Amino acid sequence: MSNKKVAGTIMLNLNDGSKKFLVHPVGESMAFVTTKVSEEMTGLASMLQVFKEEIQLDVTSINLVELTNAHTDAENMPLFVFEMNEDHMIPTVDDRYVWERPSELKNLLASYDIQGVPMF
């Protein structure tokens with residue numbers, strides 16, 4: 001099994017024009033949805049598998065809108081940002097994943113050094 005990890009979030013476009021983002025609560029803070037890259041799959045396929053199996057999301061309802069790198073002191077990983085419309089939204093399966101306001105995502109992004117050049 002590969003030690004490489006990938007991260008992702010889904011930007012939910014609400015009917016009232018506002019947005020929410022799919023994140024993973026960790027104690028009092030938030031984290032991106034992350035997974036290890038399977039040796040049999042690409043990073044993108046590994047991320048989609050998490051959305052499909054753990055969150056039970058119809059992955060045909062999301063579109064990839066951004067791919068960038070997220071750096072911390074401990075790791076460097078591709079960050080996939082998808083979007084979907086509210087009419088495809090599913091309630092989260094359990095409290096491992098929640099839809100949060102953009103202000104929460106800004107706090108999360110502040111803990112990473114985001115690079116503008118996509119890593120394929």
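Guide: Exposed means over 50% relative accessible area, buried means under 20%, and partly exposed lies in between. Keep those cut-offs in hand. The model here is predicted.

Visitor: Why is Gln56 called exposed?

Guide: Gln56 has 55% relative accessibility. The cut-off for exposed is over 50%. Gln56 therefore counts as exposed.

Visitor: Where is Gln56 found?

Guide: Gln56 sits in the loop between α1 and β5 (63–71).

Visitor: What makes the phi of Gln56 stand out, given that Gln56 is not a glycine?

Guide: The phi of Gln56 is positive, about 60°. Most residues other than glycine have a negative phi.

Visitor: Why does Asp73 count as exposed?

Guide: Asp73 reaches 88% relative accessibility. Exposed begins over 50%, so Asp73 qualifies. Asp73 is in the loop between β5 and β6.

Visitor: How far from Tyr112 is Asp73 in space?

Guide: Their C-alpha atoms are 8.7 Å apart. In sequence, 39 residues separate Asp73 and Tyr112.

Visitor: Why is His88 called partly exposed?

Guide: The relative accessible area of His88 is 39%. Buried needs under 20% and exposed needs over 50%. His88 falls in between, so it is partly exposed. His88 belongs to the loop between β6 and β7 (98–100). Asp58 is 30 residues from His88 in sequence, and 8.2 Å from His88 in space, C-alpha to C-alpha.

Visitor: What makes Asp113 partly exposed?

Guide: Asp113 has 42% relative accessibility. That value lies between the 20% and 50% cut-offs, so Asp113 counts as partly exposed. Asp113 lies in strand β8 (residues 113–115).

Visitor: Which residues does Asp113 touch, leaving out those up to four places away in sequence?

Guide: Asp113 touches Asn69, Ala70 and His71. A touch here is heavy atoms within 4.5 Å. Thr72 is 41 residues from Asp113 along the chain, and the two C-alpha atoms are separated by 6.4 Å.

Visitor: What makes a set of residues a nonpolar core?

Guide: The residues must be buried, of nonpolar types such as Ile, Leu, Met and Phe, and joined through side-chain atoms within 4.5 Å. The largest such core has 19 residues. Ile10, Leu22, Met47 and Phe51 have the most contacts inside this core. At least two core residues come from each of β1 (5–13), α1 (43–53) and β6 (76–85). A second, separate core has 13 residues, among them Met30, Ala70, Val81 and Leu108. In soluble globular proteins, nonpolar side chains tend to be buried together.

Visitor: How do you know that the radius of gyration agrees with a compact globule?

Guide: A compact globule of 120 residues would have a radius of gyration near 14 Å. The chain has 14 Å, so the two agree. The C-alpha atoms fill a box of roughly 40 × 30 × 30 Å along the principal axes.

Visitor: How much of the chain counts as buried?

Guide: Of the 120 residues, 38% count as buried. The accessible surface is about 7,000 Å², and carbon and sulfur atoms account for 50% of that surface.

Visitor: What pattern does the chain follow along the sequence?

Guide: The pattern reads β-β-β-β-α-β-β-β-α-β. The secondary structure comes to two helices and eight strands. Among contacts between residues at least 6 apart in sequence, 67% join residues at least 24 apart.

Visitor: How far apart are the mean positions of the positive and negative charges?

Guide: They are 1 Å apart, for 9 positive and 18 negative charges.

Conventions:
Residues numbered from 1 in each chain as written. Predicted model: local features only at pLDDT ≥ 70, side-chain atom pairs only at ≥ 80, totals over all residues. Heavy atoms only, no water. Buried < 20%, exposed > 50% of the residue type's maximum accessible area, 1.4 Å probe, protein only. Helix = DSSP H or I, 4+ residues; strand = E, 2+ residues; numbered from the N terminus. Rg over C-alpha atoms; globule rule 2.2 N^0.38 Å. Areas by Shrake-Rupley, 256 points an atom, 1.4 Å probe, with all protein chains shown as cover. Lys, Arg positive; Asp, Glu negative; His and termini not counted. Charge placed at Lys NZ, Arg CZ, Asp CG, Glu CD.
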